[in-house]
Amino acid sequence: MIKKALLSFFIIFMTYTIIVTYVVDPHKFVSEHQWQDNQIKAQEYLYSNTDSIQHIIVGSSLADRLVVGYLPDIYNLSMGGLGAFDGLQTITKKG
């Protein structure tokens, strides 16, 4: 009985691990804290191809909660716990 339970656990665990690793978006970065989220946002903006983006939202934590996934050509560079000037500094660093 214990062998069946352990075997079932390992099969379910391995299936879950494979699905989470390869089926769900493997390039999605998940932060554990808002400061990590701010750093991920800034790095994605600086190092990805964002030249075709026409509008950028900068702001504080309130603007950070806006869902802009359905709006085309808009990038949300607002950072939680920081102000609009930090987003503007990131934009000027990109040039």
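Where is valine 58 found? In this predicted model, valine 58 sits in the loop between S1 and H3. The residue counts as partly exposed, because its relative accessibility comes out at 25% and buried would mean under 20%. Setting aside neighbours within four places in sequence, valine 58 is in contact with Leu77, Ser78, Ala84, Gly87, Leu88 and Ile91.

Next comes helix H2, which runs over residues 34–47. With its 14 residues, H2 reaches 20 Å from its first C-alpha to its last, close to the 20 Å expected at 1.5 Å a residue. Four residues of this helix are buried, namely Asn38, Lys41, Ala42 and Tyr45. Why do they end up on the same side of H2? They do so because they cover an arc of only 95 degrees around the axis. There is a handy rule behind this kind of pattern: an α-helix has 3.6 residues a turn, so residues three or four places apart point the same way. As for what lies over the buried residues of H2, the cover includes strands S1 (55–57) and S2 (74–76), along with helices H3 (61–64) and H4 (84–94).

Asparagine 38 gives a closer look at that buried side. This residue of helix H2 counts as buried because its relative accessibility is 5%, and the cut-off for buried is under 20%. Leaving out neighbours within four places in sequence, asparagine 38 is in contact with Met79, Gly80 and Leu82.

Is phenylalanine 9 buried or partly exposed? With a relative accessible area of 45%, phenylalanine 9 is partly exposed. It also belongs to a nonpolar patch on the surface, which it forms with Ile2, Leu6, Phe10, Phe13 and Met14. Together, the residues of this patch have about 640 Å² of accessible area.

One last stop is aspartate 73, which lies in the loop between H3 and S2. Its phi is near 60 degrees, a positive value in a residue other than glycine. For background, most residues other than glycine have a negative phi. Aspartate 73 is also partly exposed, with a relative accessible area of 38%.

Note on methods:
Residues are numbered from 1 along each chain as its sequence is written. This is a predicted model: local features need pLDDT of at least 70, side-chain atom pairs count only at pLDDT 80 or more; totals for chains, interfaces and linings use all residues. Side-chain values use heavy atoms; hydrogens and water are left out. Helices (H or I, at least four residues) and strands (E, at least two) are DSSP runs, numbered from the N terminus. The expected span of a helix is 1.5 Å times one less than its number of residues. Buried means under 20% relative accessible area, exposed over 50%, partly exposed in between (1.4 Å probe, protein chains only). The arc is that of the directions from the helix axis to the C-beta atoms. Contact means heavy atoms within 4.5 Å. Patches are made of residues with over 30% relative accessible area and no salt bridge: like charges are joined within 9 Å, nonpolar side chains (Val, Leu, Ile, Met, Phe, Trp, Tyr) within 5 Å. Accessible areas come from the Shrake-Rupley method with a 1.4 Å probe; for residues, only the protein chains shown count as cover. A salt bridge is a side-chain nitrogen of Lys or Arg within 4 Å of a carboxyl oxygen of Asp or Glu.
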